[in-house]
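Have the viewer open as you read.

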Amino acid sequence: MSQLSPDLDPRARAEALLAIEREEALETALAGTPVGVAARAVAAAPSLERKTTLLWAMEDRQRRRVLDLIPPPVVGALIQNLEEDNVYLLGDLSLEQFHALLSLCSPERKYYWISAALSFTDVRANALPLLLPTGDLVEILMTRAEFEEHLHALANYPIEDQRIPPDMMRDPAQALVDFMGADNLLRQFPIAEPTLERIIQTILDYDPDRYVDIIRDGLRRSDYAENHPLEWDTLTEDPVLLDSLPPIEVLPDDLPAVAEEPAPDDGLPIALVPVTAPPLVRLVGALSPAQRGRISEEMQHLYIRQAVAEGGSFHRSDLQRVARSVEAYLLLGLQAESGNRPEREPTVLAARPLHKISQSGARLVERLRQPALRMGPLEAVLSPEQRAIVRSLAAPRMTLGSDGGPRVALLPGGSLPEDADLPTAGAHLQSVGAWLQLAQALGFARTEAALQAAGGVERVQEELALAAVLYSRLELGLTEAADLPRFRARYLARGGPADLAQARAGLEQTVEAWAAPRRVDTPRILELLQEALNRLAARVEAEAAGS
């Protein structure tokens with residue numbers, strides 16, 4: 001097959017192109033194919049490898065026009081994942097499309113793209129970074145510590161000691177370039193990172209005046225950051241604490257489905273990551289073909305939006321991680337909006353835009369994130385496991401478990417697993433909150449000192465439980481070494497650890513009396529100290545058996 005019938009509609013012609021396997025036949029067919037149809041075929045190709053084959057089978061001019069029509073995330077995925085072959089596509093990319101790709105990325109990720117454009121000799125590709133606005137280029141370069149070191153080396157150079165006319169000293173940056181020359185500047189001020197050195201030397205070779213503008217702007221930004229050290233951190237790192245979150249609406253049983261309208265022909269499909277969560281696959285499979293098409297398209301857009309929010313990487317590993325996160329939020333949202341009735345989830349999925357279902361899932365996670373943010377400043381009185389819980393939920397990363405269910409990833413700490421479902425993570429956080437309430441009532445400074453003396457949170461909890469049982473008081477520093485034999489003789493000598501009913505009753509009575517005038521979570525604090533009492537009993541018995 002070498003020619004496609006012009007009577008076929010664009011979708012059918014794109015599908016026909018995808019069916020061609022032989023390289024010569026594909027080149028012949030593409031030569032007579034309108035740019036829009038060729039772009040649709042590339043976007044609809046089932047894999048990045050197949051998209052690559054189509055693009056490189058095109059004539060140069062056709063490929064450049066097609067790249068302008070392909071969604072920027074697809075272009076990014078093609079180059080990032082198959083860089084050895086596709087980095088050369090940057091030589092076919094228009095400046096507008098390059099800008100569109102950069103607009104999806106963080107400054108750190110933009111650095112990858114300007115270094116990629118300068119990684120091989122091609123006039124069109126090499127010009128892309130040089131045509132960026134100076135301010136944008138400075139913002140990108142400032143993400144590299146080596147560039148800041150270069151700025152400081154220039155700023156600290158004693159140019160006034162050189163025999164330079166006074167009128168040139170009005171602009172020290174320009175004077176340095178004029179005095180040393182663009183070819184020799186980096187010999188005097190070397191840059192350790194080869195990629196950054198290549199970028200700076202390219203700028204010097206093509207436009208020394210542009211280099212001077214970059215240095216001036218970079219020094220201004222560096223000086224501002226040094227003189228306002230807290231401002232940027234305040235803007236970018238301080239968490240937003242909410243007083244309340246809107247409730248999640250449980251949708252009625254008779255919710256109408258989204259109207260099944262045929263998709264318009266003008267938009268190109270995006271298919272970068274398949275849906276992997278088995279529960280979602282089953283739910284989507286039960287819907288009508290039109291609904292499946294709508295959901296597939298919305299899923300891809302959610303994947304891309306999340307990838308952009310996380311910095312703009314379209315590498316397969318990053319996209320797969322992002323997809324698991326997006327699917328986890330969707331599953332949580334489906335559970336919430338269906339009222340935790342699995343039989344209603346297909347109705348919700350058919351009736352609601354996916355981004356709204358995802359927002360409901362995000363609100364569930366936010367209900368854990370907000371208290372975790374408030375606990376963060378109190379890490380000094382937390383155990384490694386408690387700190388890991390708080391940090392994990394203060395910056396939650398959702399994923400999928402082995403069963404395809406939604407899970408939150410947990411940082412390493414103590415005996416914590418790699419992830420947990422939301423109820424389990426919430427229970428862990430409530431336990432941390434109960435301990436912090438107890439520590440606050442006892443005094444954070446005194447609690448921190450007790451932790452250092454005892455060797456950890458669990459030992460302090462055990463000492464508090466022992467004090468409550470033996471002295472009917474909940475205080476730090478009340479117990480002494482002789483209390484352990486007394487505890488064993490009174491509560492463990494005859495019945496063993498399983499027969500602690502009397503001690504537990506005494507602990508409960510003490511905790512309730514202590515908590516009565518205070519606004520604390522009494523059941524949680526009691527649960528913490530009951531667990532500490534069980535640990536203490538087991539430890540005392542083990543030590544007695546060993547001796």
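A nonpolar core here is a set of buried Ala, Val, Leu, Ile, Met, Phe, Trp, Tyr and Cys residues joined through side-chain atoms within 4.5 Å. Buried means under 20% relative accessible area, exposed over 50%, and partly exposed in between, with a 1.4 Å probe and protein chains only. This is a predicted model, where local features need pLDDT of at least 70, side-chain atom pairs count only at pLDDT 80 or more, and totals for chains, interfaces and linings use all residues. Residues are numbered from 1 along each chain as its sequence is written, and side-chain values use heavy atoms, with hydrogens and water left out.

Now the overall picture. The chain comes to 29 helices and 3 strands; helices (H or I, at least four residues) and strands (E, at least two) are DSSP runs, numbered from the N terminus. Of its 547 residues, 46% are buried. The largest nonpolar core has 167 residues, and Leu90, Leu141, Trp435 and Phe487 have the most contacts inside it.

Take Leu141. Leaving aside neighbours within four places in sequence, Leu141 is in contact (heavy atoms within 4.5 Å) with residues including Tyr111, Phe147, Leu196 and Ile214.

Trp435 leads us to helix 24, where Trp435 is one of the buried residues, along with others including Leu429, Val432 and Leu436. Helix 24 runs over residues 422-442 and reaches 30 Å from its first C-alpha to its last, close to the 30 Å expected at 1.5 Å a residue, the expected span being 1.5 Å times one less than the number of residues. After helix 24 comes Gly443, with a positive phi near 105°.

For a helix pair, look at helix 3 (residues 35-44) and helix 5 (residues 60-69), whose axes come within 9 Å and cross at roughly 65°. Axes are lines fitted to C-alpha atoms, for helices over the stretch in contact, with angles from 0 to 180 degrees between N-to-C directions. On the helix 3 side, the contact is made by Val35, Gly36, Ala38, Ala39 and Val42, and helix 5 brings Gln62, Arg65, Val66 and Leu69.

Most residues other than glycine have a negative phi. Asn340, though, has a positive phi near 60° and is found in the loop between helix 20 and helix 21. Ser472 also has a positive phi, about 55°, in the loop between helix 26 and helix 27. Asn340 counts as exposed because its relative accessible area is 60%, and Ser472 does so at 51%.
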